[in-house]
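Here is a short note for someone opening this structure for the first time. Please keep the sequence and the 3D view side by side while reading.

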Amino acid sequence: MSQPQREPSGVRKGESEKGDGVREHTLAVLVENKPGVLSRVSGLFTRRGFNIDSLAVGETENPNYSRMTIVVKADDKTIEQVSKQLNRLIEVIKVSNLTEDESVERELAMVKVSSDEEVRSEIMQITDIFRATVVDVGRESLVVEVTGDSDKIEAIVDMLRQFGIREMVRTGKISLARGPKTTKAD
């Protein structure tokens with residue numbers, strides 16, 4: 001009898017199509033701003049066999065703290081266990097699951113697109129439609145900067161793909177809950 005195969009996230013293949021509750025979760029993790037903290041937090045996900053879909057880290061309004069926005073696919077029970085384990089790490093100040101909260105989500109992408117004089121105006125039109133910005137112009141390429149939710153990023157990347165994407169970098173999702181809720185130290 002063969003063992004069920006697992007995806008890198010630790011979820012058995014095919015489970016998400018069966019309605020097993022696996023979905024994308026966005027965790028906001030407030031941590032001490034010290035060397036090695038990122039490694040400890042990401043190591044926790046590695047030990048549990050979860051693939052982090054997106055990870056963005058930066059200093060907060062208080063330079064003693066950094067905030068991580070972690071996007072991972074899991075069922076609700078598993079993400080609750082992961083959150084509890086994160087809270088046990090000494091360097092972790094607070095964990096918030098923003099999945100159910102109304103929140104503002106953004107991602108930044110820079111896309112280097114092949115461009116000559118014939119297609120340059122067409123690329124500029126697409127850039128305008130998506131309210132993106134051309135941040136560098138070369139003889140054979142343009143660098144387009146776009147900010148928005150993941151769907152917007154995917155949509156402009158799909159539109160630019162026809163011209164030839166030479167290189168692309170994305171920040172990963174960052175997210176803040178709307179209204180008075182915060183992920184601050186109490």
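1. Start with burial. A residue is called buried when its relative accessible area is under 20%, exposed when over 50%, and partly exposed in between (1.4 Å probe, protein chains only). Of the 186 residues in the chain, 37% are buried. The model is predicted: local features need pLDDT of at least 70, side-chain atom pairs count only at pLDDT 80 or more, and totals for chains, interfaces and linings use all residues. Numbering runs from 1 along each chain as its sequence is written, and side-chain values use heavy atoms, with hydrogens and water left out.

2. Next, the layout. Helices (H or I, at least four residues) and strands (E, at least two) are DSSP runs, numbered from the N terminus. The chain holds four helices and nine strands. Their order from the N terminus is β-α-β-β-α-β-β-α-β-β-α-β-β. A contact means heavy atoms within 4.5 Å. Among contacts with a separation of 6 or more, 73% link residues 24 or more positions apart.

3. Now the cores. A nonpolar core is a set of buried Ala, Val, Leu, Ile, Met, Phe, Trp, Tyr and Cys residues joined through side-chain atoms within 4.5 Å. The largest one has 18 residues, and Val 29, Val 41, Phe 45 and Leu 86 have the most contacts inside it. Elements giving two or more residues to this core are β1 (23-32), α1 (37-47), β3, α2 (76-88) and β4 (92-97). Another core, of 15 residues, lies apart from it; Phe 130, Val 144, Val 146 and Ile 153 are among its residues.

4. Which residues does Val 29 touch, not counting those up to four places away in sequence? They are Ser 66, Arg 67, Met 68, Ile 70, Leu 86, Val 92, Lys 94 and Val 95.

5. Thr 69 sits in strand β3 (residues 65-74). Its relative accessible area is 3%, so Thr 69 is buried. Beyond neighbours within four places in sequence, its contacts include Thr 26, Ser 54, Leu 55, Lys 173 and Ile 174.

6. Strand β7 (residues 141-148) deserves a look. Six of its eight residues are buried. Two strands pair if DSSP finds at least two bridges between them. β7 pairs with strand β5 (residues 103-114) in the antiparallel sense, over eight bridges. β6 and β7 form a hairpin, with three residues between them.

7. Check Arg 131. This residue lies in the loop between α3 (117-129) and β6. Is Arg 131 buried or exposed? It counts as exposed, because its relative accessibility is 74%. Phi of Arg 131 is near 50 degrees, a positive value in a residue other than glycine. Most residues other than glycine have a negative phi.

8. Last, the lining of the largest pocket. Lining residues number 25, and the closest to the pocket's centre are Thr 60, Glu 61, Arg 67, Ser 175 and Leu 176. A pocket is an open set of points on a 1 Å grid over the protein atoms alone, where a 1.4 Å probe fits, with protein on both sides within 12 Å along at least five of seven lines; lining residues have an atom within 4 Å of a point. β2 (52-59), β3, β5 and β9 (174-177) each supply at least two lining residues.
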